[in-house]
Amino acid sequence: MQTYLVDIDDTVYSRTEQLDDTLQNLMNIKPFSGVKNFCTEHDCVFVTTGDPLLQMKKMRILGLKKSASAIHVVSENKQKFSVFKLYPSSIVLGNRRDAEIRYGNLAGHYTVLFLHGKYANLPIETEHDCANEEYDCISEYVHKI
Ligand SMILES: [Mg+2]
């Protein structure tokens, strides 16, 4: 079964539109359309940067925790590379070309970029920063799979 290595913030839900720095709306965050079904029907491993307790709480509120095959929380984006290397030929889904896409490509995976949220316009800085596919939102991708 194909494994998907999936980012959380601004990939499976709109961090930019649903949360501010106070996190006061945390209990109301909702995944993008189609994401929940996709995660139930596919082997999804979540790889996210941030505070472990907060990221796990987001997964629970989004309703994605039970269907996840694994959840890895790292403290810096570049640590995603070591996690990505644990999985053979996977598909990486993310919103940052300087994180999921760069380290996904470097780890030899197929990469899909969603140009959503505050990092949608990051510049291409290295030869590894372009994804195999690009969409405005993960919903377009999951409805096509
Ligand atoms: Mg993200």
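In S2, Asp43 is the bridge partner of Thr3. Strand S2 spans residues 43–49. Helices (H or I, at least four residues) and strands (E, at least two) are DSSP runs, numbered from the N terminus. S1 and S2 run parallel and are joined by four bridges. Residues are numbered from 1 along each chain as its sequence is written. The model is predicted: local features need pLDDT of at least 70, side-chain atom pairs count only at pLDDT 80 or more, and totals for chains, interfaces and linings use all residues.

**The sheet**

S1 also runs parallel to S4, with three bridges between them. Two strands pair if DSSP finds at least two bridges between them. The table lists bridge partners of S1 residues.

| Residue | Partner | Partner strand |
|---|---|---|
| Thr3 | Asp43 | S2 |
| Tyr4 | Ile91 | S4 |
| Val6 | Leu93 | S4 |

These strands belong to an open sheet of six, in the order S3-S2-S1-S4-S5-S6, with parallel pairing. S3 (70–74) and S6 (133–135) are the edge strands, each pairing on one side only. On average, neighbouring strands of this sheet are turned by 20 degrees against each other, direction ignored. Axes are lines fitted to C-alpha atoms, for helices over the stretch in contact, and angles run from 0 to 180 degrees between N-to-C directions.

Helix H3 (residues 52–62) lies across S2 and S3. H3 runs at about 145 degrees to S3.

**Helix H5**

H5 covers residues 97–106 and is mostly covered, with eight of its ten residues buried. A residue is buried if 20 or more other C-beta atoms lie within 10 Å of its own, exposed if 12 or fewer, and partly exposed in between; C-beta atoms are placed from the backbone. The buried residues are Arg97, Ala99, Glu100, Ile101, Arg102, Tyr103, Gly104 and Asn105. They pack against strand S1 (3–6), helix H4 (80–84), strand S4 (91–94) and strand S5 (110–114). Just after H5, Gly108 takes a positive phi of about 85 degrees.

**Arg97**

Arg97 lies in H5. Arg97 counts as buried because 26 other C-beta atoms lie within 10 Å. Leaving aside neighbours within four places in sequence, Arg97 is in contact with Arg102, Leu113, Leu122, Ile124, Asp129 and Ala131. Two residues are in contact if their C-beta atoms, placed from the backbone, lie within 7 Å. Leu86 is eleven residues from Arg97 along the chain, and their C-alpha atoms are separated by 20 Å.
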